[in-house]
Amino acid sequence: ITIYNAATWPQNDCRITVKNFAVTSDTPVVVALSSGGTTYLTWNIDTSGGLYTGGDLILDGIQKRNLYHSGNIPTNTMTWTDYPYLQPGENTISVSLSSADLELYYVPAYL
């Protein structure tokens, strides 16, 4: 999905929720944020082992936490670059699943 962030703060904290994150394959899932064609944040999720069977995946840059099914991310299954934030202007959120129901929450911050 593409969103336009009208804020002027260079790193506007946000929360990304992937609703009902249930993965049955062993193929890793990548969640990415990009702006201007350049990816600036990634979350690589190792879904092998059947640990992601249904529940919301929450990447929360506002409260500085990552959650799955209201608890901690399963140990050693995710590598990531930073908590999510939006840059000013157009941002794109992508998930390497055939379909994903995403929610984004942020409050624009201005200098």
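Two strands are said to pair if DSSP finds at least two bridges between them. Strands (E, at least two residues) are DSSP runs, numbered from the N terminus. The model is predicted: local features need pLDDT of at least 70, side-chain atom pairs count only at pLDDT 80 or more, and totals for chains, interfaces and linings use all residues. Residues are numbered from 1 along each chain as its sequence is written, and side-chain values use heavy atoms, with hydrogens and water left out.

Strand β2 (residues 12-19) pairs in the antiparallel sense with strand β9 (residues 85-86) over two bridges; Asn12 has Leu86 as its bridge partner in β9. With strand β11 (residues 101-106), β2 forms an antiparallel pairing over six bridges, in which Cys14 is partnered by Tyr106. Strand β5 (residues 57-60) also runs antiparallel to β2, and four bridges join them. Within β5, Ile58 is the bridge partner of Thr17.

Asp60 lies in β5. The residue is buried (under 20% relative accessible area, 1.4 Å probe, protein chains only; exposed is over 50% and partly exposed is in between), because its relative accessible area is 1%. The side chain of Asp60 reaches the backbone nitrogen of Gln63 at 3.0 Å. Leaving aside neighbours within four places in sequence, Asp60 is in contact with Cys14, Arg15, Arg65, Asn66, Tyr83 and Pro84, where contact means heavy atoms within 4.5 Å.

Tyr105 lies in β11 and counts as partly exposed because its relative accessibility is 41%.

Technical notes
A polar contact is a pair of N or O atoms within 3.5 Å; within protein, one must be able to donate a hydrogen and the other to accept it, and residues adjacent in sequence count only if both atoms are side-chain atoms.
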